[in-house]
Amino acid sequence: MEFLTDILLLSDSTLRIAAPLILAALAGLCAERAGIVDIGLEGKMLAAAFGAASAASITGSPWAGLVSGILVSVLLALLHGYVSISQRGNQIVSGMAINIMVAGLAPTLANAWFSRGGQTPLLPNEARFTEITLPFADLVADVPLLGAVYSDLLSGHSLLTYAAFAAVPLVAWMLYKTRFGLRLRAVGENPEAVDTAGISVTLLRYQAMIIAGVLCGVSGSALSTALGAGFIRDMSAGKGFLALAAMIFGKWKPVPTLLACLLFAFVDALQGRLQGVSLPLIGEIPVQFTIMLPYVLTVIILAGFVGKMEAPKASGIPYEKDR
Amino acid sequence: MSAPTKMPGAVEAVLMPFLNILVALLVSGFVVWSLGEDPFFALSLLIEGAFGYEEAIGYTFYYATNFIFTGLAVSVAFHAGHFNIGGEGQAMLGGLGLTLAVFWLGNTAPLLSVLIAILGAAVFGAGWALIPAWLQAYRGSHIVITTIMFNFIASALLAYLLVGPLQRPGGQMPESSDFPDGVGLMQFHEVLAAFGVNFEQSPLNVSFLIALLAALAVWFMLTRTRFGYEMRVAGKNVHAAAYAGVSVPRVTVIALMMSGALAGMMGLNELLGEQLRLIGNFTLGYGFVGIAVAFMGRNHPLGIVLAAILFGVLYQGGAELAFEMPNITRDLIVVIQGLVILFAGAMPHLLRRPVAGLFARLRVKGAA
């Protein structure tokens, strides 16, 4: 029974940790499917986390926070779009510039606005997306196994966590079942063909960046207003890069990307549970080593020992109309 | 992107990068203004803080030394067509190698200890770059993501060692014991005192000269050796390089290891020149500053030295600025870094059309 509780707890934190990863990975997916490499996910997440926490703190409403988080992230996505599409600049460098800029700007503004050493004030529960109890969760809690799974595992997450999981079929539908999605995928594989068909490569890519910005904005807002209760310095802690790795591992497809995110989240949840626990044979693993686990896993996955990974053909290459 | 008009070489090499940096600094000034401070007063405080007195000048060049190493590291990788953002982790491991060498050799022969320590820094830095380099060269793993991951892993590893096996016996801080007496690099005021010149005490040390020598060596390697040529060809066009018989994976691995070695040598300045012990996270983001320095210096060793000095000014002056102006923290320097990377690195052609247009008009006037 205790074992079952352990599994449930572990799965529960896996879902919670996975949410921002899934949203960021889908953002990266939309951008890369349209031919734009987005190393700046990390920065957009952090900026959205700060925007959401500040707005939620000032207005007291998590919804104002979410809107502001999305707005900030979309603006940065458009900046990256401007560099990548209109300026035909180096997309990797631009993404990194955004990451570094945000890493400095968020604590600078936080310090100027809230005078708390680069953080925002702790958000009260009214200003956060708190846990939602699904209907009948209390009623079925006593049903063996299924009841526990429903009431402990599936119920009791924040709205943004549910939104993250809902975003996967939504993005898949958009990519594979709509005309827009077909064009978006085409522009990442063969922009010349799209151009020849009389469709604007530039417009499509900007639209993809806006979608990526919205998804990343929700992801960052989830960090500071659902998982956490306020903005703290460097709170994205490499999650944007983990999301990129998950997207690559998921071969630029929504459902496999979801599974990859769940794997990363599981390892992260596991490392949290392993802290201070004495394991048979090994003994207690120092916390610094358990912290490394998600990062080491990323390197192993990227090493490509799990199959061939092929990026969209035109990803990272600026489109020149006058060739 | 093809230029509308050809411009004189000097304009390409000097004026354009200068204008890009000017835009970055203008935006930074706007940030200062929006924080409710006077950007011009901030600028004067910054310059006063960086050059106002001897100690300040010493600090300015002390910081610049770090940035020369990390800037060269980024640029060597960039010439080979790769974006090494793992300077931070490579510098940490370099510091570890240096520390292990110092404790291993002790102070029976201080000069030998120092030389081996320098070697240790370079070898450990290069070693930390090896795995991402190999994965990039032979498995196509994204170097940006792997090097970022190696930064996190290095930071955790150092944290473990400094509260575990390497921690000062009986100490509470994440730091090692002090280096044995006499094992360290001479500081500038000591060198100058030997010649009878008085200079206020500052952490500026011999590493600055080592950094300048490294810049010279990188210049020589890039422009005067066969390997440097192969590297630059591979960086410009992988297919052309492979067709010409260059082993691109081999060049990738060697270039990235050189890059790691340079980043690793940052520890000379911080640890062997000033701290005289290994401290956790001594790199303080200097590895990332290297990215901005490399782009600002247009990936030319001389440009990197100049850009590193400018960032030295920003760091030292910025510290004074943060002290004088309550709304400004040292995070502002990170913002400036990001803006420089954005304008000088990602959008080098932003002002190209207007400037080229201006030159074209001037030329027409001159001809008429």
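**Close-ups of a two-chain predicted model**

**View 1. Two helices of chain B cross.** Here α4(B) and α6(B) make a left-handed crossing. This is a predicted model, so keep that in mind as you look around. Two packed helices are described by the angle between their axes and the distance between the axes. For helix α4 (residues 87–105) of chain B and α6(B), that angle is about 30° and the axes lie 7 Å apart.

**View 2. Who touches whom between α4(B) and α6(B).** On the α4(B) side, look for B:G87, B:E88, B:G89, B:Q90, B:M92, B:L93 and B:L96. They meet a set in α6(B) that runs B:T147, B:N151, B:A154, B:S155, B:L157, B:L158 and B:L161. Sorted by class, the residues of this contact come out as seven nonpolar, six polar and one charged.

**View 3. The second largest pocket.** This pocket holds about 1200 Å³ of space. It is lined by 41 residues, and the closest to its centre are A:D234, B:E88, B:L284, B:G285 and B:F288. Helix α6 (residues 143–163) of chain B gives the most to the lining, with five residues. As for class, the lining has 23 nonpolar, 11 polar and seven charged residues.

**View 4. Chain B against chain A.** Across this interface, 43 residues of chain B are in contact with 43 residues of chain A. Together the two chains bury about 3600 Å² between them, and 79% of that is on carbon and sulfur atoms. Within chain B, the residues that lose the most area to chain A are B:I145, B:M149 and B:D331, together 15% of what that side buries.

Terms used
Residues are numbered from 1 along each chain as its sequence is written. Chains are lettered from A and ligands numbered from 1 in the order in which they are written. This is a predicted model: local features need pLDDT of at least 70, side-chain atom pairs count only at pLDDT 80 or more; totals for chains, interfaces and linings use all residues. Side-chain values use heavy atoms; hydrogens and water are left out. On a 1 Å grid over the protein atoms alone, a cavity is a set of points where a 1.4 Å probe fits but cannot get out, and a pocket is an open set with protein on both sides within 12 Å along at least five of seven lines; lining residues have an atom within 4 Å of a point. Grid points are joined across faces, edges and corners, and a volume is the space filled by probe spheres set on the points. Helices (H or I, at least four residues) and strands (E, at least two) are DSSP runs, numbered from the N terminus. Ala, Val, Leu, Ile, Met, Phe, Trp, Tyr, Cys and Pro count as nonpolar, Asp, Glu, Lys and Arg as charged, and the others, Gly among them, as polar. Axes are lines fitted to C-alpha atoms, for helices over the stretch in contact, and angles run from 0 to 180 degrees between N-to-C directions. A crossing is left-handed if the near helix is turned anticlockwise from the far one by less than a right angle, and right-handed if clockwise. Contact means heavy atoms within 4.5 Å. Buried area is the accessible area (1.4 Å probe) that two parts lose on being put together, summed over both.
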